[in-house]
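Please read it beside the sequence and the structure.

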Amino acid sequence: MKTAVLVSLLLCCGLLAAAPLQVGSPLPALTLKDQHDAPQAITADTRYLIFVAERAPAALAETALEGQTTATLASAQVRYVADLSAMPGIITTVIALPKMRKRPYPMLLGHSAAETAMLPREPAKVTLIQAQGGIITTVRFITDAVTLRAALGFTP
């Protein structure tokens with residue numbers, strides 16, 4: 001009986017931990033490696049969190065971030081997270097990472113689904129999470145680069 005209760009509690013805790021973030025939730029204390037294998041963190045001073053979990057939204061985010069650098073994203077307090085867990089390892093290593101390394105800004109990479117499970121997502125959309133003081137104030141799902149760029153405060 002004790003074992004069954006313990007297992008049930010662990011399962012419930014696991015399900016709660018994987019629940020997507022929402023308005024009013026704290027930003028996750030998330031540290032992932034970037035495309036250069038350097039650790040990067042989501043911190044309480046992050047104002048915007050861009051999240052992509054599919055190729056089409058990743059291309060949209062690339063377009064929206066065109067012309068940005070590590071310095072401009074840091075100044076705007078923007079962090080970019082990509083979930084690569086669905087991508088075959090050989091494709092990640094041979095094709096995707098070399099392309100990502102050419103980008104002039106850091107991309108935090110989730111290599112397992114568990115690393116980004118808490119981040120909300122909708123098919124074919126970029127998730128834009130806005131936060132203030134480490135608390136999520138807005139969650140938007142964006143389908144075009146112009147809207148994403150404007151939401152981040154970047155000129156067209």
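In this predicted model, E62 forms a salt bridge with R103, and the closest N and O atoms of the two side chains are 2.4 Å apart. E62 belongs to helix α2, which spans residues 55-64, whereas R103 sits in the loop between α4 (89-100) and β5 (108-110), so the pair ties together parts that are 41 residues apart in sequence. The points below take up this pair again, and then turn to the other salt bridges, the paired strands and the chain as a whole.

**Other salt bridges**
- How many salt bridges does the count come to? With nitrogen and oxygen required to lie within 4 Å, the count comes to five.
- One of the salt bridges is formed by the side chains of D83 and R121, with a distance of 3.2 Å from N to O.
- This pair, too, links distant parts of the chain, with D83 in strand β4 (residues 78-83) and R121 in the loop between β5 and β6 (126-132), 38 residues apart.
- Within this pair, D83 is buried, with a relative accessible area of 10%, whereas R121 is partly exposed, with a relative accessible area of 37%.
- K125 and E122 also meet through their side chains in a salt bridge, at 2.9 Å from N to O.
- Here both partners are partly exposed, K125 with a relative accessible area of 27% and E122 at 30% relative accessibility.
- As a general point, side chains of opposite charge can pair when their charged atoms come close.

**Strand β6 and its partners**
- Strand β6 is mostly covered, given that five of its seven residues are buried.
- Strand β3 (residues 48-52) is joined to β6 by four bridges, and the two strands run antiparallel; F51 stands opposite T127, which lies in β6.
- β6 also pairs with strand β7 (residues 135-142) in the antiparallel sense, over seven bridges, and the bridge partner of L128 is R140 in β7.
- The hairpin of β6 and β7 has two residues between the strands, and in this hairpin G133 takes a positive phi near 60 degrees.

**The chain as a whole**
- The secondary structure of the protein chain comes to five helices and seven strands, and from the N terminus on the elements run α-β-β-β-α-α-β-α-β-β-β-α.
- Of the 156 residues in the protein chain, 39% count as buried.
- Among the contacts in the protein chain with a separation of 6 or more, 70% are accounted for by residues 24 or more positions apart.
- The protein chain exposes about 8,600 Å², and carbon and sulfur atoms supply 64% of that area.

Terms used
Residues are numbered from 1 along each chain as its sequence is written. This is a predicted model: local features need pLDDT of at least 70, side-chain atom pairs count only at pLDDT 80 or more; totals for chains, interfaces and linings use all residues. Side-chain values use heavy atoms; hydrogens and water are left out. Buried means under 20% relative accessible area, exposed over 50%, partly exposed in between (1.4 Å probe, protein chains only). Contact means heavy atoms within 4.5 Å. Accessible areas come from the Shrake-Rupley method with a 1.4 Å probe; for residues, only the protein chains shown count as cover. Two strands pair if DSSP finds at least two bridges between them.
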